[in-house]
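Here's a quick briefing to read alongside the picture. Take a look at the fold, then work through the points below.

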Amino acid sequence: MMLRWALTVAYVAVLVVALVAQIFDPAISPFLFWGVLIWFIASLFLYRLPAMSRPVGWGKSAPRPSNGGTALPSGMPSTPPVDLGFCVRCGTHITPGTSVCPSCGRTVLPV
C-alpha cells in the first residue's frame with residue numbers, strides 16, 4: 001500500500017466523520033467546515049511530498065527493475081535499439097550509425 005493511498009483513506013474518513021458530526025450537532029458546523037478545509041489544503045501539500053510514493057504496511061514491496069529503471073511487462077523480451085535509416089523528426093534518409101541528422105541537426109534517437 002502506498003502512503004499516498006493511506007492518506008486518501010484518512011481523508012475520506014475525516015469527511016465522513018465531519019458529515020456525521022454535523023448531522024448530530026449542527027452548532028459545530030463552522031468548526032467542521034474550517035477543519036475540513038484546512039485538512040484539504042494540507043493534504044494538497046502532503047500529496048506532493050516525495051515520501052508519499054513510499055510503500056507502507058505489510059505488503060511486499062515491488063522489486064526494482066534491473067534494466068536501468070524501466071520495468072518491462074512479463075514475457076516481453078528486451079531488444080537492442082534499431083537504426084531505422086531515416087530521421088524520425090524530419091524524414092531525411094541517414095546512414096546507420098549517424099548520431100546527428102544532416103538535415104535538421106537534431107540527435108538521432110535509436111528506436
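**Ser43, a buried spot**

Ser43 has a relative accessibility of 2%, so it counts as buried (buried means under 20% relative accessible area, exposed over 50%, and partly exposed in between, using a 1.4 Å probe and protein chains only). Keep in mind that this is a predicted model: local features need pLDDT of at least 70, side-chain atom pairs count only at pLDDT 80 or more, and totals for chains, interfaces and linings use all residues. Residues are numbered from 1 along each chain as its sequence is written, and side-chain values use heavy atoms, with hydrogens and water left out.

**Where Ser43 sits**

- You'll find Ser43 in helix 2, which covers residues 29–47 (helices are DSSP runs of H or I with at least four residues, strands are runs of E with at least two, and both are numbered from the N terminus).
- Once you set aside its neighbours within four places in sequence, Ser43 is in contact with Leu7 and Tyr11 (contact means heavy atoms within 4.5 Å).

**The whole chain**

- The protein chain has two helices and zero strands.
- Of its 111 residues, 9% are buried.
- Take the contacts between residues at least 6 apart in sequence: 44% of them join residues at least 24 apart.

**How the two helices meet**

- Helix 1 and helix 2 pack at an angle of about 170 degrees, and their axes are 10 Å apart (axes are lines fitted to C-alpha atoms, for helices over the stretch in contact, and angles run from 0 to 180 degrees between N-to-C directions).
- That makes helix 1 and helix 2 roughly antiparallel to each other (angles over 145 degrees count as roughly antiparallel, under 35 as roughly parallel, 65 to 115 as roughly perpendicular, and the rest as oblique).
- On the helix 1 side, the residues that meet helix 2 include Leu7, Tyr11 and Ala18, while the helix 2 side includes Leu32, Val36, Phe40 and Ser43.
- The residues of this contact between helix 1 and helix 2 split into 13 nonpolar, four polar and one charged (Ala, Val, Leu, Ile, Met, Phe, Trp, Tyr, Cys and Pro count as nonpolar, Asp, Glu, Lys and Arg as charged, and the others, Gly among them, as polar).
- Ala18 belongs to helix 1 and is buried, with a relative accessible area of 11%.
- Leaving out neighbours within four places in sequence, Ala18 is in contact with Leu32 and Val36.

**Aromatic pairs**

- How many aromatic pairs does the rule give? The count is two (rings of Phe, Tyr and Trp, using its six-membered ring, pair if their centres lie within 6.5 Å; planes under 30 degrees apart are stacked, over 60 edge-to-face, and the rest tilted).
- The rings of Tyr11 and Phe40 have centres 6.1 Å apart and planes at 40 degrees, so this pair is tilted.
- Tyr11 is in helix 1 (residues 3–24) and Phe40 in helix 2, so the pair ties together parts 29 residues apart in sequence.
- Tyr11 counts as buried at 18% relative accessibility, whereas Phe40 is partly exposed at 36%.
- The rings of Phe33 and Trp34 have centres 5.1 Å apart and planes at 75 degrees, so that pair is edge-to-face.
- Phe33 is partly exposed, with a relative accessible area of 48%.
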